[in-house]
Amino acid sequence: MHYTKTCCTRHCGNGCALLAAYDGQRLHVKGDPDHPATRGLVCGKTARFGERLHAADRITRPLLREGGNLREISWDAALDLAAQRIQALRAVPERMLHVFYVASYGVLFRASSYLFGRLGAAATSGDYCLDAGIEAQILDFGVLTEPELDDLALSRRIVNWGRNLDAEGMFAGRCVREARRRGASVLAVTPGDPGYESFADRIVTIRPGMDRFLALAVLRILERRGALSQDALRAVSGFGCFQKVLHAHSQEELLAACGVAAADAQALAEAYADGPCASILGRGAQRYRFGGENVRFIDALALLSGNMGLPGGGTYFSSGDRGHIDYSWFKRPEAPPRTLPVHDLGRALERAEAQGEPVELVWIEGTNAVSQAPDSARLAGALRKPFVVAVEAFMNDTAEIADLILPPALMLEWEDVTRCSSHGWVHHSAKVLEPPEGCLSNFEISRQVARRLTPPLEFPTAEEVMEGALDAPNLKTSLAELRERTWLPSPPRPTPFAGLRFGHADGKARLPETLHDEPAPPTGYPLRLLTLVNKAHLLSQIPESVQRERPCLVRISPDSPSLSGLDMDRPVRLVTEQGSLPVQLELLPGLHPEAVLAERGGWMKCGRGINALIGPHEADLAGQCAYYAQFCRLENSPG
């Protein structure tokens with residue numbers, strides 16, 4: 001069987017190089033062992049990607065809703081209709097809303113952003129995923145960057161603040177394991193989700209959302225020992241304000257707030273004092289009400305303990321722009337005329353309607369927005385008024401409310417070029433098989449709509465976009481060379497902030513000046529709802545047949561006080577101020593007693609739409625969705 005060298009472009013930081021073959025009936029995918037960074041890595045989600053490509057329920061023809069029902073139409077009719085709807089609003093572009101997320105890291109995948117950016121359409125603000133943490137690091141260090149993961153080989157200690165290396169981050173997980181084999185010790189700070197045991201020497205269970213209190217408690221220990229770095233103190237601006245925060249609470253108060261034993265805090269202090277110590281920040285610390293603050297205090301600990309600016313130290317959260325691939329082609333020429341917050345999009349659409357400034361057309365692409373946004377039911381209701389175009393391959397919650405569904409080709413069915421956040425290689429994503437007849441690439445869909453407008457919107461070719469992306473500051477190559485070689489390296493990234501010189505104009509780092517108390521749970525809702533990463537499926541890409549096999553799985557600690565009022569032999573439901581959901585309840589030893597761990601990504605139509613129970617909470621920075629600000633309770637279902 002002939003295997004084609006290609007790569008994974010999906011919404012994941014690993015950026016695995018792949019070998020893929022199609023035998024006429026089945027797609028075969030494995031990791032490419034020759035890739036210098038990923039060295040044969042492939043996750044189960046991508047190894048099974050053929051199941052998604054060839055699923056019986058995949059949408060492969062454009063669908064138009066008429067009288068509440070969907071019917072197949074031709075591509076010409078579908079594209080003509082989309083263009084007509086856009087053309088009718090071209091003079092009032094603020095009444096068009098582009099809802100987009102990066103389901104693919106390919107440069108061509110951003111085509112609808114190019115289209116609606118040049119039309120001047122409205123956009124969403126805020127973020128589902130990382131932006132509160134990204135803004136926090138920019139506030140602290142003046143620029144977003146992180147060391148190479150390979151530098152963990154130089155770490156003496158590693159502290160993992162909640163990144164589940166079993167369920168995500170395979171590349172980082174392998175680097176951590178290799179560091180342990182070289183003698184590095186690893187501590188993991190987690191609310192108790194499974195998967196940390198094989199990556200850590202010691203696990204510290206923390207009350208969810210209280211990372212900032214633990215980081216500050218560890219700093220108090222280091223200060224008392226005289227172990228704060230004098231070089232770091234000279235490299236920060238405003239240490240006096242931070243010192244007031246540092247001394248505002250006793251050690252006992254800080255540890256009581258985060259629920260961590262004094263011995264665990266001492267172990268963390270020893271790790272940071274015995275560097276170089278690397279800090280790996282999870283993908284959840286920023287999703288709390290004070291998520292940005294959580295990240296800022298971890299940054300402060302890494303800095304003041306003397307573990308920034310040296311090989312084997314540093315903080316790992318997001319890689320920032322390496323300058324090795326240029327994504328700027330789709331950037332808006334001007335700011336959008338208005339933005340609607342993604343964390344409260346349903347209410348924002350209702351408000352716009354009530355104020356006489358309705359959104360009349362919504363284009364949704366790269367995200368199952370209804371399922372993935374908080375307050376899902378409200379968003380679904382608000383989206384029933386405008387004309388909704390969904391570029392979607394499956395009949396998920398977003399497709400269920402769409403008026404026009406445009407079925408895209410999927411990964412490995414079209415060519416693209418891409419990067420990832422875990423390493424510095426640029427990849428060619430080769431086309432391995434033809435898409436089903438009736439599917440067009442995301443790029444071609446937007447290009448075809450643009451040419452149908454009056455006057456047509458000028459659109460580059462796919463070749464021009466890919467060539468332009470490869471003319472980047474730190475890597476200049478041609479599409480022909482990348483096609484031939486499949487992957488190319490960018491220059492190795494030097495140790496960030498060497499010499500403790502930071503990205504702010506004065507060269508100094510900044511420290512947080514406020515420590516906020518965590519809001520108390522509302523009366524009647526004592527448990528924190530956590531929807532942590534799903535190892536088996538990427539975000540909401542869970543087959544409908546799998547979702548219908550059982551209710552949403554929910555886990556609770558056997559030590560949870562809430563168990564005293566539950567009959568485990570009777571049906572159970574999860575209840576929040578937003579509503580309730582039947583669940584399948586399991587006990588999970590090691591989970592914090594105040595937490596409930598629920599599967600993410602489920603659809604409302606399958607009775608598993610967990611985000612319908614999560615209110616429109618906003619984190620402290622960047623309009624981040626604060627999914628983990630939601631409290632809940634468990635109770636037996638009536639009857």
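Predicted model: local features only at pLDDT ≥ 70, side-chain atom pairs only at ≥ 80, totals over all residues.
**View 1. Leu500 and Asp375, two non-glycine residues with positive phi.** Leu500 has a phi near 55 degrees, a positive value in a residue other than glycine. Leu500 is also buried, with a relative accessible area of 18%. Here, buried means under 20% relative accessible area, exposed means over 50%, and partly exposed is in between (1.4 Å probe, protein chains only). Asp375 has phi near 55 degrees too, again positive and again not a glycine. Look for Asp375 in the loop between helix H14 (369-372) and helix H15 (376-382); Asp375 is buried, at 9% relative accessible area. Helices (H or I, at least four residues) and strands (E, at least two) are DSSP runs, numbered from the N terminus.

**View 2. Strands S1, S2 and S3 form an open sheet.** The order is S1-S2-S3, and the pairing is antiparallel. Two strands count as paired if DSSP finds at least two bridges between them. S1 (4-7) and S3 (27-31) stand at the edges with a single partner strand each, so one side of each has no neighbour in the sheet. Neighbouring strands here are turned by 35 degrees against each other on average, direction ignored. Between S2 (residues 17-22) and S3 there are 5 bridges, and Leu19 stands opposite Lys30 in S3.

**View 3. Strand S27 pairs with S25 and with S26.** S25 (residues 552-556) runs parallel to S27 (residues 579-587), joined by 5 bridges. Ile556 faces Leu587 of S27 across this pairing. S26 (residues 572-576) pairs with S27 in the antiparallel sense, also over 5 bridges, and Arg573 has Pro582 in S27 as its bridge partner. A hairpin takes the chain from S26 to S27 through 2 residues.

**View 4. Phe239 and Phe242 make a tilted ring pair.** Rings of Phe, Tyr and Trp (its six-membered ring) pair if their centres lie within 6.5 Å; planes under 30 degrees apart count as stacked, over 60 as edge-to-face and the rest as tilted. By this rule the count comes to 15 aromatic pairs. For Phe239 and Phe242 the ring centres are 6.2 Å apart and the planes stand at 40 degrees, so this pair is tilted. The two are 3 residues apart in helix H9 (residues 239-246), about one helical turn. Phe239 and Phe242 are both buried.

View 5. Tyr288 lies in the loop between strand S12 (277-281) and helix H12 (291-304), and Tyr628 in the loop between strand S28 (595-598) and strand S29 (631-636), so the pair ties together parts that are 340 residues apart in sequence. Both tyrosines, Tyr288 and Tyr628, are buried.

**View 6. Arg177 sits over Phe199, and Arg289 over Phe290.** A charge sits over a ring if NZ of Lys or CZ of Arg is within 6 Å of the ring centre and within 35 degrees of the ring normal. The charged end of Arg177 is 4.0 Å from the centre of the Phe199 ring. For Arg289 over the face of Phe290, the value is 4.6 Å.

**View 7. Two cis peptide bonds, at Pro276 and Pro455.** Gly275 and Pro276 are joined by a cis bond with omega of about 5 degrees, and Pro276 is in the loop between H11 and S12. The cis bond between Thr454 and Pro455 has omega of about -10 degrees. Pro455 belongs to the loop between helix H17 (442-451) and helix H18 (462-469).

Note on methods:
Residues numbered from 1 in each chain as written. Heavy atoms only, no water. Axes fitted to C-alpha atoms, helices over the stretch in contact; angles between N-to-C directions.
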